[in-house]
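Subject: Structure for you to look at

Hello,

I am passing on the structure we talked about. Please open it and keep it beside this email as you read.

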Amino acid sequence: MNTTPCLTLESVAAGYGKVPVISGIDLQLNAGDTIAVVGANGAGKTTLLRTIMGEVSTSQGTVVFDGQPLADLPTYRRCKMGIGYVPEGRQLFPDMSVRENLELGAARETGTERNRRIAETLQVFPKLQPLIRGRCGLLSGGEQQMVAIARALMGKPRLLLLDEPSTGLAPKIISELYATLSSLLKSGLTIMVVEQNARAALRFASRALVFEQGRIAATGTSKELLADPRMVEAYMGMAGASPGQA
Amino acid sequence: MKSNIIQGVCLVLLTLAGVGIALGGSGYYAQTLFTIALYIVLALGWNIISGIAGYVSFGQVGFFGFGAYAAALAMIHLEVEWYLAAPLAAGASALLALVLGGIMLRLNGIFFALGMFGLARILQITASSLSITGGPMGTTVLPAESPNESALIMVLVAAGAILIVHALSRSRLGLRLMATRDDDLAAQSSGVNTFRAKLRALCLSAAFGGVGGALYVWNIGYLDPNSAFNGNIELQTVLMVLAGGIGTVWGPVIGGILISLIGTFLWARFPTEQQVILGALTIFIAVVMPGGLTAFFEKLGWWRRQPIWSPPPAASLKPAPSPRTGAAADEHSVALSCRGLGIRFGGVTAVDDVDLEARSGEMLAIIGPNGAGKSTLFSLMSNYLTGSGATRFGERDIHGLKPYALAQMGLARTFQSSRLFPSLTVWETVLVAASSGRVPRQTAIHITTELLRETGLLDHWSEQPDTLPPGLQRLLEIARALALRPKVLLLDEAMAGMTLHEIEQVHAALRRAMSGGCAIVAIEHVLPAIVDLASRAQVLDFGRIIASGTPHEVLRNPEVISAYMGADYEGGTQ
Amino acid sequence: MWITIINLLLLGLLWGGVYLLMATGLNLIYGVMKVVNLAHGDMIIVGGLLAFTLFSAHGISPIIAFPLAAALLFVIGVVVQFVILERIPVKGSLGELRTLLATFGLSYVIANTSFLIWGSQFQSLPFLQGSVQLGRIALPQALVAASVLAFCAALVLHLWLTYTMLGKSVRATAQSGLGAACCGLNSRLIRVITFGVGAALAGAAGSLVITLIPFQTTASGELTIQAFTIIALGGLGNYMGALIAAEILGIVEVFTQYYLGSNPASAAIYVIFIAVLIFRPQGLFGKVGRV
């Protein structure tokens, strides 16, 4: 059993300008872990993912994946190393078919291997089978989200990062999505999901991080955080959580 | 102040040196001086549209040639002297720019650049084909008596050009151009008519080119299409500005002198390889040091751009002027009302039949999960997007009004992701909005000072926005919106990522605005930020309003909770 | 009269093929890197003059020169992108501006270098000077050959973009740079290849056009304007649109030449250029041109 942690962040600070958006981030994920990152908009959740992916450079600290420091590696190299990334807004290729989008997820493999992986992926996402020749730009939000995740899976990643996958999706589709993600865990995949819809993410993941103003404000198991009434307050401003009060 | 004195002294010294050479030097030196001074004028002109306004043009030589022909024709057919032909040429070029700019400045940068690129060629072909311009063989005019005479005039014109550009860079127009260059949309939302500002810049730029052309033809006495529209002129002009520092006042001057000298040297030693060397130099500078020498000096700390206007040294404590219309609005009267707003993108309905009202002195909160369409709704309300439905601002239907006009009327907004002006200081950022429309200078300065003080940003007044922590950056955006003295303020997740202290400052500023009669509509995703301030709330999900009422009512609505937290939420609610 | 019209139409369609090849390289580069290569016209001229030299000094037929010019310009394009343009950080509009300025300087470097090699007089390549007779219709042989080769090249490009992984990677990068990175695609490599192919297409087009009209090292600006007009009319980045726009231009020019003379014909491109800017910057089929 591989005991190297899958992903380690140590004292990471990162940002876009001269002032860091996130700081003091310490995090360790082992193979097979699932973790949800929740918090208000602007708290730094997306920046965390972008830092891991190399879109944003660290001003402090180290990011290590599978024992290898990621330092200045560009995004595409990190993907090749085995980190699957489903960014906010999905970033599909709208004028290309679903099949082509999937193929590009395994662009460096041989044609036979690619076809094999596509067949595998379609078993995970059977709803994509009838859509396989359709243009991605014409699909619904939920369908596009499936293609985005499927495309990331084509690269056989060991770590999967998802940025707000439930944005704009109906609750039923969201549950289906997370059910599919759960089914992927059997293969030893590690999953980190940033979510605004806290409940779905917390039900799926075993651990959670709560982000506030660029720092980790709380961590724990999902059960703990879900049952905590302060979570609801933090999101919806009920009793006691407004500025000016303790 | 000190910087102005230094610049003034430099200018006087340079001018005196130029005049001295012009009067005392030999014909060769005078001619070289003429060329240098001419290029300085062309470079300053190009810099106005490409550097300060940020709309890169490759057609400066077009205005140069056009001005040269205009002057030549005036001197031949209207029998005027050079001192009338030159202003005429400047005017004609400016007029041409007015027509062209009217078409091309509405296009994005690449079309403008290519359009101007094509302009020079079109003008060259036209000059070649018409008999009035002498066709391909060109035409002659009565030249200046000696190169010394034309050099003297050219030096004085160059000095004048430097003065004009300096004045521009410290003026309201210059401020607006720089804001437009940094972020056209944000400038419009701060009340700047960006199209008109760019048009003025283009006309000024063209006038510089035109006067240069006129004096060129007077100097040399002969004009043909090939030399009037020579690509070499364009190359050297661009290179000079790049080398010296694009977007600055003295950059084109330094670059002009430097590259002219290099060019003259090359012309003597490598006449046929000149363009290779200059072209390679252009590439080098564009890749390695795009800010030119000026950026280099800035890094060394030798030089810094002076902010435009500045806060008064000892500010007195006067109350801020009231919202734009003068008379304070009636408490609770409807300042903004929307009926049936909707928009579709492809097959997706982003906003679906939304009605809402914003009342003076009150805050309406718009809440909802990400992707619900809240920012799209704001864009519809402020005419950044056009969809179905109608919005009334006070009594007036605002359909078709441009965003900058709305801003000037008192409808302000912030954006979900910060849109600040990277090259302006904190002071200038707020000043852009405070001085929009026809607000007098002293009033604008007063408003800006008061706002910065109220939001606690006054100590940072001369800093660049990217040195501020994210929370202060959002605060700055709010201050900029408030500087419009709005009757209606749309805040789009303005307090995301702020510390508690910063949120308190924003609350204080918003309370002040509301007590002055402002109506606020605030999108917030997380509610602790505004639940104290908002008197009403509406919840948006999938583009439709699913609940309305007071914030507390709305937040206990089970439909709302499930929209946020996911269906069948079982967590702890009281 | 009908015969004349059909004859002109065919001529226009043939010219359209050649114009398409002249414009496609620019479209490819713009699609992936959102930059108009201002040295495009100069690259066309280099291709043409290379073919001229191969023919006049070594007797090599332009049909062979066609792929050779493409190969040479491919190498030049790769070197330019890798050595120069890749050094400019791709950060939004400032990066695009600097790239534009770099290609502006590059245009002069290439034009001047061509001048040093070939001088400034007009050069032409007399090849296949007969005509093809189809009943009562006469078509210049050189034009037919050039057009056929041009359409073949455009077809090869289309097949490459549509059916090969590398071609699909190029299209993908044009549609979403981040998405391409998520697929592990090396965007630097793709940009280098794209610029190389774009330059190669320009060079190949040049080697064909010189058999039809004479070339001069200083005439590049007009070619760049023409290529830009075609891709703008068709919608920037839109290949189908460029085909239609190129055909429109070909037909308009041929008819104008016949009925109004050659000066108005060469002005036709500029008239279309201005019309596109004024009325339809997003092109007939394309997306955005307006601020």
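Predicted model: local features only at pLDDT ≥ 70, side-chain atom pairs only at ≥ 80, totals over all residues.

Chain C

Chain C has 11 helices and two strands. Taken along the principal axes, its C-alpha atoms fill a box of roughly 60 × 45 × 35 Å. Of the 291 residues in chain C, 57% count as buried. If you take the contacts in chain C between residues at least 6 apart in sequence, 77% of them join residues at least 24 apart.

Where chain C meets chain A

Here 16 residues of chain C are in contact with 20 residues of chain A. On the chain C side, helix H6 (165–175) and helix H7 (177–182) each supply at least two residues. H6(C) gives the largest share, six residues. By class, this side of chain C has seven nonpolar, seven polar and two charged residues.

The six-stranded sheet of chain B

Chain B has an open sheet of six strands in the order E8-E9-E10-E5-E11-E12, with mixed pairing. Its edge strands are E8 (411–413) and E12 (544–549), each of which pairs on one side only. From one strand to the next, the twist averages 15°. Inside the sheet, E5 (residues 363–367) and E11 (residues 536–541) of chain B pair in the parallel sense over four bridges, and B:Leu364 stands opposite B:Arg536 in E11(B). Helix H15 (residues 374–381) of chain B packs on this sheet and touches E5, E8, E9, E10 and E11 of chain B. The direction of H15(B) makes about 155° with that of E9(B).

Strand E3 of chain B and its partners

Which strands pair with E3(B)? One is E4 (residues 348–359) of chain B, which pairs with E3 (residues 334–345) in the antiparallel sense over eight bridges. In this pair, B:Phe345 has B:Val348 of E4(B) as its bridge partner. Another is E6 (residues 388–393) of chain B, also antiparallel to E3(B), over five bridges. There, the bridge partner of B:Arg339 is B:Ala390 in E6(B).

Regards

Notes
Residues numbered from 1 in each chain as written. Chains lettered and ligands numbered in written order. Pairing = 2+ DSSP bridges. Contact = placed C-beta atoms within 7 Å. Nonpolar A, V, L, I, M, F, W, Y, C, P; charged D, E, K, R; others polar. Axes fitted to C-alpha atoms, helices over the stretch in contact; angles between N-to-C directions. Buried ≥ 20, exposed ≤ 12 C-beta atoms within 10 Å, placed from the backbone.
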